[in-house]
Amino acid sequence: MKDNIWCLEDVNLYHILCPHKLKDFAENHFQNFKNGDFIYFPGDTSKRVFMISKGKVKIVSYNEKGDELVKAILGKGEIFGEKVILGANERADYAMACTEPTLLCPMDLPTMYKLMRDNEKFGLSIYKLIGLRLKKMERRFESLLFHDVRTRLCEFIKDLADENGKKRAGLICISHFYTQKDFADLIGTKRETVTRLFNELKQEGIINYSRKEIQILCYDKL
């Protein structure tokens, strides 16, 4: 298993990014969204970064036929809309709440830049996060183009292990918030196919799977 590529070097995103932790912000700065609500659309002006305080957010795009491409499904403590930090003036994707309620902590650019200036380690970690997220997206697109569904699922599980896996009693244990539909959306298939593949991997003694945890019994066979 690789090192945790999303590790922000002991920087706690929730405590640093969320403005209600700062004395200059009021408690009512949160934004509440219902399942299916759009947070922003392509072409919207980019002014803020968002952190998820509760719920899940889906980042998607659509082709000319209306087919949905799910680029990411993010949970509590994760940020999105981060390309504005690099100077993007407009949103390129749709961001949609996919649980109810979804509670977001918006961060305007001046405040974000101030936090990055005041905490050099944090600032470097944010740029690292952006770069690694782009690299991960490139790998996912390549996988969608060139790999079969089982390989895509196995690669996604390995990515989760590399990002969040913890070794316990000889196993790699991954806490997660994904439904089987989430897995299906992220690897470009149907929920029924994901269910079948998880059952196959379990029967072959490669993983154990539950709603909140995946245990990898044999990483090399994924």
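**Notebook: charged and aromatic side-chain contacts**

I looked up arginine 139 and found it partly exposed, with a relative accessible area of 33% (buried is under 20%, exposed over 50%, partly exposed in between; 1.4 Å probe, protein chains only). The model is predicted: local features need pLDDT of at least 70, side-chain atom pairs count only at pLDDT 80 or more, and totals for chains, interfaces and linings use all residues. Residues are numbered from 1 along each chain as its sequence is written, and side-chain values use heavy atoms, with hydrogens and water left out.

Next, salt bridges (a side-chain nitrogen of Lys or Arg within 4 Å of a carboxyl oxygen of Asp or Glu). I got 13. Arginine 139 pairs with aspartate 159, closest N and O atoms 3.3 Å apart. Arginine 139 is in helix H3 and aspartate 159 in helix H4, so this pair ties together parts 20 residues apart in sequence (helices are DSSP runs, H or I, of at least four residues, and strands, E, of at least two, numbered from the N terminus). Aspartate 159 is buried at 14%.

I then checked lysine 56 and aspartate 182: their salt bridge is 2.5 Å, N to O. Lysine 56 is in the loop between strands S3 and S4, aspartate 182 in helix H5, 126 residues apart. Lysine 56 is buried at 9%, and aspartate 182 is buried at 8%.

Last, I searched for aromatic pairs (Phe, Tyr or Trp rings, six-membered for Trp, with centres within 6.5 Å; planes under 30 degrees apart are stacked, over 60 edge-to-face, the rest tilted). The whole structure has 14. Phenylalanine 177 and tyrosine 178 are tilted, 4.6 Å centre to centre and 35° between planes.
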